Amino acid sequence: MGLYEQIERELLDEKSLAALIWLIDRGRELEFTANGVACFISRSGSAQYVSLWVDGDEQSFESVETLLENASIQQKPLLHLWPVIHIETLF
């Protein structure tokens, strides 16, 4: 297994934030649910560098790190919800 595949496994198996940052910075996209709410992280189509879409509403940030620190889902910080998210698809 190559480096890229190992980092993908880190995200999918362990929900590694470092793996998420690395993959999104390289153009990958993540679809997940948090408390039953559909969410999507992508750089494509973002008003800034990267965005979190929650039920179609965009929150845009200048970096993946800033997104992780400041994004929210139903008034709850993404970082607090991260342990309970369900990853649907890594594109």
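This is a predicted model: local features need pLDDT of at least 70, side-chain atom pairs count only at pLDDT 80 or more; totals for chains, interfaces and linings use all residues.

Me: OK. Which residues of helix 1 are buried?

Reply: Ile-7, Glu-8 and Leu-11. Looking down the axis of helix 1, the buried residues fall within an arc of 100 degrees, so they line one face. The arc is taken from the directions from the helix axis to the C-beta atoms.

Me: What covers them?

Reply: The cover includes helix 2 (17-25), strand 1 and strand 7. Contact here means heavy atoms within 4.5 Å.

Me: And how does helix 1 lie on those strands?

Reply: Helix 1 (residues 3-14) lies across strand 1 and strand 7, at about 150 degrees to strand 7. Axes are lines fitted to C-alpha atoms, for helices over the stretch in contact, and angles run from 0 to 180 degrees between N-to-C directions.

Me: What is the strand order in the sheet?

Reply: It is 4-3-2-1-7, an open sheet of five strands with antiparallel pairing. Two strands pair if DSSP finds at least two bridges between them.

Me: Which strands are at the edges?

Reply: Strand 4 (57-61) and strand 7 (86-90). Each has a single partner strand, so one side of each has no neighbour in the sheet. On average, neighbouring strands are turned by 20 degrees against each other, direction ignored.

Me: How many bridges join strand 1 to strand 7?

Reply: Four, and the two strands run antiparallel. Strand 1 covers residues 30-34. Glu-31 stands opposite Thr-89 in strand 7.

Me: Switching to loops. Where is Lys-15?

Reply: In the loop between helix 1 and helix 2. Lys-15 is partly exposed, at 23% relative accessible area. Its phi is positive, about 55 degrees, although Lys-15 is not a glycine.

Me: Why mention that?

Reply: Most residues other than glycine have a negative phi. Asp-55 is another non-glycine with a positive phi, about 50 degrees. Asp-55 lies in the loop between strand 3 (50-54) and strand 4, and is exposed at 57%.

Me: Is Ser-63 buried or exposed?

Reply: Buried, with a relative accessible area of 17%. Ser-63 lies in the loop between strand 4 and helix 3 (64-70).

Me: What does Ser-63 touch?

Reply: Tyr-49 and Val-50, leaving aside neighbours within four places in sequence. The side chains of Ser-63 and Thr-66 also make a polar contact of 2.8 Å. A polar contact is a pair of N or O atoms within 3.5 Å; within protein, one must be able to donate a hydrogen and the other to accept it, and residues adjacent in sequence count only if both atoms are side-chain atoms.

Me: Last one. Where does Phe-91 sit?

Reply: In the segment after strand 7. Phe-91 is partly exposed at 43%. Not counting residues up to four places away in sequence, Phe-91 touches Arg-28, Glu-29, Glu-31 and Phe-40.

Key: Residues are numbered from 1 along each chain as its sequence is written. Side-chain values use heavy atoms; hydrogens and water are left out. Buried means under 20% relative accessible area, exposed over 50%, partly exposed in between (1.4 Å probe, protein chains only).
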